[in-house]
Amino acid sequence: MKKTLCVLLALVLLLFCACSASTKTAEPAGTTAASAGETAAKSNKDITIAVIGQQTGNVVFLPAQAGAEAAGKELGIKVDWQSPIRAEAELQNEIMNNLIDLGVDGIAISCTTGDALKDVINRAVDSGIKVSCYDVDSPESKRLFYAGTENYKAGYTCGEYMVKLFKDAGLDKVRVAQLEGIPGANDIEARKKGFADAIKGTNIEVVYSYPCNDDVDKAIEGVEAYTRASGDEIDAWFMAGGWPYCVAPDAMPEVNAWKLANPNHKVVTVDIFPDTTPAFFKMGVLDVAVGQNFHEMGYQSVKTLYDLVQGKALNAPVDQTIGAPFINTGVQIATSEDYKEVMGIQ
Amino acid sequence: MCVITAAAEPAFLKVSNLLSTARSFSAIAIAGIGVLMIIITGGIDLSIGSVYGLAGVVSTYCCSLFGMPIWISMILGVLAGAIFGALNGLMVVYCKLPPFIATLGTMQIARGLCTILTQGYPVSNLPGGYMFLGQGKFLGIPMAIWCMAMIAVLFAVFLNKTVTGRRIFAMGGNAESTRISGINIKALIILVYTLGAALGSFAGIITASKLGVGQPTAGNGFEMDAIAAVVIGGASLSGGEGSVLGTIIGAAIIGVLRNALVLLRVDSYWQTLIMGVVIIAAVTADQLRKSGKA
């Protein structure tokens, strides 16, 4: 009897949803069915901007969250930080759908996989929500702008420094091992391309690439294992993302020993973590770090989305490579010589 | 849970939200029905998440890179997963491996195959028609929900009204008695693992269709969602007990909870903890209800 009742209830619900879904037109976003002009008059305390990270455990998003919440506090609006437990597009897709139904005013998202999220981003934009990407873009989507590092340039800068580091080394060939994140992620691919272009025509060559899927443990395990097995077959590491540098230097004894054993072993990384990167420089196991500004990504995303919600024009130049307005949050470059000065350490 | 969420956040009751939530948990429900049959026999399948990912990769690969018709690509995706299911069954039956170990191994192998096939890159550039299963609607209801409903009816009838279905329950209750009564339990075991993986694969294809991309990392940890749905739905991990309706309800609890936590703006860092607490509470309530009846 109970089972029959449950099935009947489910059928009734389904029928109700089918009738409602087929007779109603798409519901616009926001708490009221307001036109674009009327949205401009919305009170700050009624505005909600959601910011989505890639994964709860990923430390690079902590400054992004702090930046977003700082902007929210300044503007007097609600900032809703959401992040899935695993860096999976399906989970981010779910969160996006929930936020669309919640009727938030704006969404800023760092995409685990840009292609996989373009449809839900488009759905959000079509329903009237202002959507942007930060850190990792979804170029094929209708997002209104991208806020982040000029990743190609960051990778190119790393390549330039790698060339500089080996200029007087007197080696016939410089073999570089590369650490990457989620294969196909726009930010990492752009950095790899930038690095590859910077070393083109030189004696530097990438001989190995290891994807850690944005997992810190996997990154450390991977670089340690490869260095242990093939340390004498490489001269440098290029870390396209700073996952191994989120933790203390003690976590990478193999790489550290390999680096210290030979002055011609070099390490260049993207990302600077104020709490942990200095220790690597101090120990002499890191040569160059090209840092991103995640705080600024979160901050600028919220501020710009707020302006759009209030009907103001988007004040960011269109970047031809990205194909959309681009807010460059800049990079910070620290070397083993000047890291204290660059990072403001006494 | 629904009442509290609806009271706190009216957006919960929006038709689009309800349909979106149902679509989200339909993949868990479909895979859960597959895992249910395995759990009824007293087994377990940890490879469901990996075959979920593999099926998505294989079907998108066939479609995008080899230009195969969409329906053939999807069938091949389901077959790829079913092969792993059959392999699990064969190892349990003939190698006498505990299901936990056999499926732990195939979990790694299937995931490894995903990475080898794709070199880690997602498979995209799919024809528009591929997305119909995951994004399309019929009579205003997402196709994924229709698939869940049809599979639920089919397997509810299979488990409760067919001889094979009754034998699956009998095996879970007492495998030795079932064997002695002349039933081929080896064939039954291979069948449930194959069907289980096929359903997990189909769920993976629905997700690949929804995202428009075949991701080698899809389904990481998904096996825990599928198993949780089955257990929350009242199935016993020692076998012999469980229902399709219970599994659907279990999947719905997971889906509604995830939806509620976002709608109620619960801090992301607390969401996992709350999920765990609710799962324990749901199963405890069910256990108490059962012991009250006994």
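**Strand β1 of chain A**

I began with β1(A) and found both of its faces covered: T48(A), A50(A) and I52(A) on one side, and I49(A) and V51(A) on the other, are all buried. I took a residue as buried if 20 or more other C-beta atoms lie within 10 Å of its own, as exposed if 12 or fewer do, and as partly exposed in between, with C-beta atoms placed from the backbone. The model is a predicted one, in which local features need pLDDT of at least 70 and side-chain atom pairs count only at pLDDT 80 or more, while totals for chains, interfaces and linings use all residues. Residues are numbered from 1 along each chain as its sequence is written, and chains are lettered from A and ligands numbered from 1 in the order in which they are written.

In a regular strand the side chains alternate between the two faces of the sheet. Five of the five residues of β1(A) are buried, so I noted the strand as largely enclosed by the rest of the structure. Helices (H or I, at least four residues) and strands (E, at least two) are DSSP runs, numbered from the N terminus. I then looked up the pairing and found five bridges joining β1(A) to β2(A), the two running parallel; strands pair if DSSP finds at least two bridges between them. V51(A) stands opposite W81(A) in β2(A).

I49(A) lies in β1 (residues 48-52) of chain A and is buried, with 28 other C-beta atoms within 10 Å. Beyond its neighbours within four places in sequence, I listed its contacts (C-beta atoms, placed from the backbone, within 7 Å), which include I77(A), V104(A), V302(A) and Y306(A).

I49(A) is also among the residues with the most contacts inside the largest nonpolar core, which has 195 residues. Such a core is a set of buried Ala, Val, Leu, Ile, Met, Phe, Trp, Tyr and Cys residues joined through C-beta atoms within 7 Å. Helix α2 (residues 15-40) of chain B gives the largest share of this core, 16 residues. Domain 1 (42-148 + 294-315) and domain 2 (151-292 + 333-343) of chain A both give residues to this core, so it lies between them. The domain bounds come from an automatic or database domain assignment.

**Domains and chains**

I recorded 30 Å between the centres of domain 1 and domain 2 of chain A, taken over C-alpha atoms. Between these domains, 14 residues of domain 1 are in contact with nine of domain 2.

For the two chains, I found 37 residues of chain A in contact with 36 residues of chain B. On the side of chain A that touches chain B, α4(A) gives the most, with 10 residues.

**The six-stranded sheet of chain A**

I traced an open sheet of six strands in the order β7-β6-β8-β9-β10-β13, with mixed pairing. Its edge strands are β7 (204-211) and β13 (331-335), each pairing on one side only. Three bridges join β9 (residues 266-270) to β10 (residues 288-292), which run parallel; V270(A) has V290(A) as its bridge partner in β10(A).

Helix α7 (residues 186-199) of chain A packs on the sheet, touching β6, β7, β8 and β9, and its direction makes about 170° with that of β6(A). Axes are lines fitted to C-alpha atoms, for helices over the stretch in contact, and angles run from 0 to 180 degrees between N-to-C directions. Helix α6 (residues 151-165) of chain A lies across strands including β6 (174-180) and β8 (236-239), running at about 165° to β9(A).
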